[in-house]
Amino acid sequence: MKSTSSLSLIAGTVALAAVTGFAVLTVPGDGDTAKAATAARLPVERSTLLCPAPGLSELSETTYTSFTPAGDGAGEAGAAELVPTAPSEITDGDGEDKGDEKDDKDDKDGKKKDDKKADAGKPVVALKEPGKPAVAEESGADTPALVGTATGRLAPGWTAQQTTMVEAGEGRGLLGVSCTVPDTDFWFPAASTAKSRQDYVHLTNPDDTAAVADIELYGPKGSLKSEVGEGITVPARSSVPVLISTLTSEAVDDVTVHVTTRTGRVGAAVRAADDKAGSDWLAASTAPTGTLVMPGIPDDATSVRLVAFAPGDDDADLKVKLLGKTGAITPAGNDGLHVKSQMTASIDLKDLTKGEPGSLLLTPEKDGKATPVVAALRVVRGSGDKQEVAYIPATGPAGARATVADNRSEGSVLSLTAPGAAATVKVTASVGSGGGEKVVKKYTVRGSTTLAVVPPVPSGLKGGYALTVETESGGPVHAARTLTVTQGGIKMFTVQTLPDDGGTVEVPEAVQDLSVLRD
């Protein structure tokens with residue numbers, strides 16, 4: 001016999017897991033005996049995403065693409081909208097306003113901040129149905145950060161891509177980022193406080209109460225002293241960009257940024273700008289672990305720099321392998337990397353791909369000793385005044401399903417990497433935002449290789465489309481999408497990784513039939 005209180009507990013826990021992605025249930029039984037609950041996977045009922053403010057250039061043109069794969073959601077139709085955050089100022093970390101004369105000019109032109117606040121609740125992009133992308137465009141330096149929530153059938157696997165083109169001037173480049181899920185802990189290897197770099201950590205708060213964040217910086221010799229990186233307040237439903245070079249007096253080429261929150265949660269991303277190589281977004285590395293994969297190094301990369309960090313008390317000794325078209329190779333002269341505890345380590349791998357696309361694999365030097373690390377790659381294409389930079393953080397496998405939005409009729413390359421056993425994946429090109437028919441194609445990826453393909457394009461494509469990768473059999477597959485737009489003779493590019501979208505969560509399933517309630 002199952003009591004009404006037990007049934008309420010089960011139902012409540014199922015709902016909590018479906019909304020938050022986490023729940024624990026102990027089912028009481030007769031007397032002191034607890035009955036086990038088996039596990040089931042259900043689609044999430046609510047998803048939250050945060051898109052950072054695109055930048056400070058009046059020349060910027062930003063495209064937002066919102067998409068949910070078809071098939072998983074149940075129940076109500078739901079909604080998925082990205083709306084602007086409240087206006088924010090650049091800060092040096094201690095709350096001091098570092099804005100320029102732009103605000104004064106805005107006031108003189110009659111563009112008051114009150115006008116910006118009036119738009120805060122108006123959706124920039126609203127998704128109407130699963131399986132079909134929604135696209136919106138914004139321009140200028142004042143484009144705000146966005147926050148959004150998807151519910152019902154639009155929640156499972158919801159993704160949004162922000163792609164910004166800055167054709168010339170400071171921070172030029174093709175800047176792409178998958179809008180992030182809010183969290184309390186982020187790692188960003190490959191940032192910098194060097195004089196040639198202008199790197200900002202963008203903190204975005206999706207909630208109705210303020211969040212308080214700390215930013216720690218680590219260089220090759222350990223922690224970089226900073227007092228102003230502690231206790232940064234991010235107001236409710238607002239975004240705060242922090243120039244990391246103002247958090248320390250030390251100019252360091254390779255820095256690992258650690259963002260944590262004391263209260264609340266934030267989305268975090270680093271906008272990295274180089275005087276010579278342009279700019280792009282640096283997304284967070286996957287959580288510290290002993291084996292890391294960085295997929296999607298272009299075949300024509302002229303410079304690849306690996307940056308790694310060991311956050312624990314133990315040093316890490318790592319083997320470095322390039323997974324190419326035909327198998328795994330050891331980069332000449334760079335077969336290993338020693339990472340001291342709480343110190344940033346880096347190696348220059350130069351043009352290691354040698355005309356063939358690949359992915360980087362880091363594994364423990366000794367079996368049985370897997371020290372957790374985080375890592376990312378700084379990748380450059382071109383040379384001289386035609387350089388362009390992008391960043392590839394270590395990422396988890398695509399898992400059951402992963403999606404990247406904002407693909408176009410040309411310019412996309414999909415990299416699929418199987419670091420272990422061979423695998424088969426299904427790739428779905430969605431219908432276009434303005435029309436077209438979806439296309440499905442299967443690929444087999446051999447073990448210890450990278451397969452780089454021009455992805456399928458929807459027939460009769462109009463607008464942009466999304467690519468969804470599903471692992472059907474075999475070992476884990478790590479994936480990345482490279483988007484290239486040639487502008488003024490420069491191959492501007494950006495790389496987005498495709499970790500599992502978390503569209504389903506494990507929830508308890510009652511052992512007994514709960515369809516009938518008995519006294």
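## Surface and overall build

The accessible surface of the protein comes to about 22300 Å², and 48% of that belongs to carbon and sulfur atoms. Accessible areas come from the Shrake-Rupley method with a 1.4 Å probe; for residues, only the protein chains shown count as cover. This is a predicted model, where local features need pLDDT of at least 70, side-chain atom pairs count only at pLDDT 80 or more, and totals for chains, interfaces and linings use all residues. Residues are numbered from 1 along each chain as its sequence is written, and side-chain values use heavy atoms, with hydrogens and water left out.

The protein has three helices and 40 strands. Helices (H or I, at least four residues) and strands (E, at least two) are DSSP runs, numbered from the N terminus. Of the 519 residues, 51% count as buried. Buried means under 20% relative accessible area, exposed means over 50%, and partly exposed lies in between (1.4 Å probe, protein chains only). Take the contacts (heavy atoms within 4.5 Å) between residues at least 6 apart in sequence: 81% of them join residues at least 24 apart.

## The disulfide

A disulfide is a covalent bond between the sulfur atoms of two cysteines. In the search, it is a pair of cysteine sulfur atoms within 2.5 Å. How many disulfides does a search of the whole structure find? It finds one. Cys51 and Cys179 form it, with their sulfur atoms 2.1 Å apart. The pair links distant parts of the chain, 128 residues apart. Cys51 sits in strand E4, while Cys179 is in the loop between strand E11 (173-178) and strand E12 (185-191).

The link of Cys51 and Cys179 is right-handed, with 105° about the S-S bond. Cys51 counts as buried because its relative accessibility is 0%. Cys179 is buried too, with a relative accessible area of 7%.

## The largest pocket

The largest pocket has a volume of about 1500 Å³. Its lining has 48 residues, and the closest to the pocket centre are Cys179, Thr180, Val181, Pro499 and Asp500. Cys179 is also one of the two disulfide partners. Strand E4 (residues 46-51) gives the most to the lining, with four residues. The lining residues divide into 24 nonpolar, 18 polar and six charged.

Some terms need their rules. The search uses a 1 Å grid over the protein atoms alone. A cavity is a set of points where a 1.4 Å probe fits but cannot get out. A pocket is an open set with protein on both sides within 12 Å along at least five of seven lines, and lining residues have an atom within 4 Å of a point. Grid points are joined across faces, edges and corners, and a volume is the space filled by probe spheres set on the points. Ala, Val, Leu, Ile, Met, Phe, Trp, Tyr, Cys and Pro count as nonpolar; Asp, Glu, Lys and Arg count as charged; the others, Gly among them, are polar.

Arg41 is in strand E3 (residues 38-43). Arg41 and Glu506 are 465 residues apart in sequence, yet 4.4 Å apart in space, C-alpha to C-alpha. Leaving aside neighbours within four places in sequence, Arg41 is in contact with Thr504, Val505 and Glu506.

Ala210 lies in the loop between strand E13 (197-204) and strand E14 (211-219). Ala210 is partly exposed because its relative accessible area is 42%. The C-alpha atoms of Ala210 and Pro235 are separated by 4.4 Å, and the two residues are 25 apart along the chain. Not counting residues up to four places away in sequence, Ala210 touches Asn205, Thr233, Val234, Pro235, Ala236 and Thr263.

Asp406 has a positive phi of about 60° although it is not a glycine. Asp406 lies in strand E30 (residues 402-407). Is Asp406 buried or exposed? Asp406 counts as buried, because its relative accessibility is 3%.

Ser448 is not a glycine either, and has a positive phi of about 60°. Where does Ser448 lie? Ser448 is in the loop between strand E34 (439-445) and strand E35 (449-453). At 26% relative accessibility, Ser448 counts as partly exposed.
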